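Here are my notes on the model, as numbered points. Please read them with the structure open.

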Amino acid sequence: MDKILINGGKPLAGEVHISGAKNAAVAIIPAALLVEDRCVIENVPDISDVDSILQMIVSLGAEVEKPDCNTVVVDATNLSVNVVDPELASKMRASYYLMGALIGRFTKAKVPHPGGCNFGVRPIDQHLKSFRCLGCEVVADDIFVDIDASGLQGGNVYFDVVSVGATINAILAATLAPGKTVLENCAKEPHVVDLANFLNSMGANIRGAGTDVIKIIGVGSLRGGTYTIIPDQIEAGTYMAAAAATRGDVVINNIIPKHMEAISAKFEEMGVTIEEYDEAIRVKANDRPLKNIKVKTLPYPGFPTDLQPPMIVLLSTVEGTSVVTEGVWESRFQYVAELEKMGIKIDINGTVATIEGGAPLKPAELCATDLRAGASMIVAALACNGVSEITQLRYIDRGYEHIVDKLRAIGADVKRVDD
Ligand code: EPZ
């Protein structure tokens, strides 16, 4: 079993390059199934979630090439299978994007319920509602969602909750649906916009992505092309947290500063110096003491829920009481039991975490319990004097490209070993 060993307590310093966005890649790769032609997708992160979604589309008949580790070529001209294997789908949440993509290509599709990180109940009712609003018949049993899309056409969808996945699935379903679709109360995350930009660059007619209302005129077909995925906001935020938690000074390259605004604002409120450049930000936490703050996670443009775990670790290094309210998921604090092994003091009451910060962290053996929880354990180990170890790296491998090499390049004493 692989584990990461970190001899922490050293301020990180130097430059780190951010990879392409995981949550854009896992939507854009299924979207390429709507194109009966070659799509060259660049800046794809080299992570296991991408491998899993590629494996799924290959099982459906798409041809996939990887000319290098960050470029994927998808040709779905000969897509022939409309049923997704439950074992493959159980590996990740984004397998649900095959619903929206397959009903654009076939009159019927059978896609299993998705897997993914456990944050309590993760319903897909809004995805299914959107398919129904677009003329589909949908029947879900314990394993599969069975969709009859013979009546697929444009329609109006009002989402009862702001959902990234449901917004993306509805865009996928509506792209080739005859007529006009209006989606209201949409998610505005950068990866929703990136998906729409990808589809538009292939000939779709999608307007308003990044706002509450998205309007789509169905087109007859899409053409191939080349598209470059946006940088990963959450990977960048994780390195920001690592830089600040170690009281370091790190330049984070290849980012879109606009996507980082809510995060930078909270770091500045803590007393971290943030310098913004065209495609980079510098995070400097070594010139004054940091302050405790309150944070609430919200859909974009709010503070992202996926950075809640690294933010909690950062706040545990700051003197005083900080409060973090989880505003997206009903149960995203299970991992704190692992952090408590390091002496971090966190009290959980429903969706509110109260952190008594400032006590020195103790090295510990930690088990990653999900992707971002695993990343937060790495941040904690970097901030802690002594050697900590982290296991269950398969979670971290799902979403962080070459994390050990990137951390070493900014001065971390870290290695990955096979036990
Ligand atoms: C996406 O999940 C991301 N995953 C998650 O990132 C992220 O935490 C989440 O968005 C919120 O930003 C991918 O993009 C693959 P939602 P998603 O639908 O789309 C409720 C990571 O670590 N809801 O926006 O599944 C739901 O219960 C992962 O990279 C319904 O009620 O999230 C939640 O409370 C973890 N009904 C809220 O909406 C639905 O039909 C937001 O969920 C759908 C969602």
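1. Start with helix α9, residues 261-270, where Ile263, Ser264, Lys266, Phe267 and Met270 are buried. Buried means under 20% relative accessible area, exposed over 50%, and partly exposed in between, with a 1.4 Å probe and protein chains only. These residues span an arc of only 160° around the axis, so they sit on the same side of α9. The arc is taken from the directions that run from the helix axis to the C-beta atoms. Helices (H or I, at least four residues) and strands (E, at least two) are DSSP runs, numbered from the N terminus.

2. A word on the basis. This is a predicted model: local features need pLDDT of at least 70, side-chain atom pairs count only at pLDDT 80 or more, and totals for chains, interfaces and linings use all residues. Residues are numbered from 1 along each chain as its sequence is written, and side-chain values use heavy atoms, with hydrogens and water left out.

3. What do the buried residues of α9 pack against? Their partners are α8 (233-245), β15 (273-276), β16 (280-284), β17 (294-296) and α10 (308-316). Contact means heavy atoms within 4.5 Å. Take Ser264, which belongs to α9. Its relative accessibility is 6%, so Ser264 counts as buried. Not counting residues up to four places away in sequence, Ser264 touches Met240, Ile274 and Ile281. After α9 comes Gly271, with a positive phi near 105°.

4. Next, the ligand. It is surrounded by 24 residues, and the closest are Gln126, Ser163, Asp306, Val328 and Arg372. A residue is near a molecule or strand if one of its heavy atoms lies within 4 Å of it. A ligand nitrogen is 2.8 Å from an N or O atom in the Asp125 side chain. A polar side-chain atom of Trp329 is 3.1 Å from a ligand oxygen. For Arg122, a polar side-chain atom lies 3.3 Å from an oxygen atom of the ligand. Taken alone, the ligand exposes 830 Å², and the protein buries 89% of that. Accessible areas come from the Shrake-Rupley method with a 1.4 Å probe; for residues, only the protein chains shown count as cover.

5. Is Arg105 buried or exposed? Arg105 is buried, at a relative accessible area of 18%. Its place is in helix α4, residues 97-105. A polar atom of the Arg105 side chain lies 2.9 Å from the backbone oxygen of Ala76. Beyond four places in sequence, Arg105 contacts Leu33, Leu34, Val35, Glu36, Ala76, Thr77 and Leu79.

6. Now the cores. In soluble globular proteins, nonpolar side chains tend to be buried together. A nonpolar core is a set of buried Ala, Val, Leu, Ile, Met, Phe, Trp, Tyr and Cys residues joined through side-chain atoms within 4.5 Å. The largest core here has 81 residues; Leu33, Ile41, Leu102, Phe198 and Leu199 touch the most other members. Leaving aside neighbours within four places in sequence, the contacts of Ile41 include Ile28, Ala32, Val72, Phe198 and Ile229. Apart from this core lies another, of 74 residues, among them Ile234, Ala236, Met240 and Val283.

7. Ile378 is in helix α12 and is buried, with a relative accessible area of 3%. Neighbours within four places aside, Ile378 contacts Ile4, Ile6, Ile390, Ile396, Ile403 and Leu407. Cys384 is in the loop between α12 (371-383) and β22 (386-391). At 0% relative accessibility, Cys384 is buried too. The C-alpha atoms of Cys384 and Lys362 are 6.3 Å apart, although 22 residues separate them along the chain.

8. Finally, backbone points to check. Tyr300 and Pro301 are joined by a cis peptide bond, with omega about 15°. Pro301 is in the loop between β17 and α10. Asn43 has a positive phi near 60° and is not a glycine. Asn43 lies in the loop between β3 (38-42) and α2 (48-59) and is partly exposed at 21%. Arg247, also not a glycine, has a positive phi of about 55°. The loop between α8 and β14 (249-253) holds Arg247, which is partly exposed at 24%.

Terms used: Polar contact = N/O pair within 3.5 Å; in protein donor to acceptor, adjacent residues only side chain to side chain.
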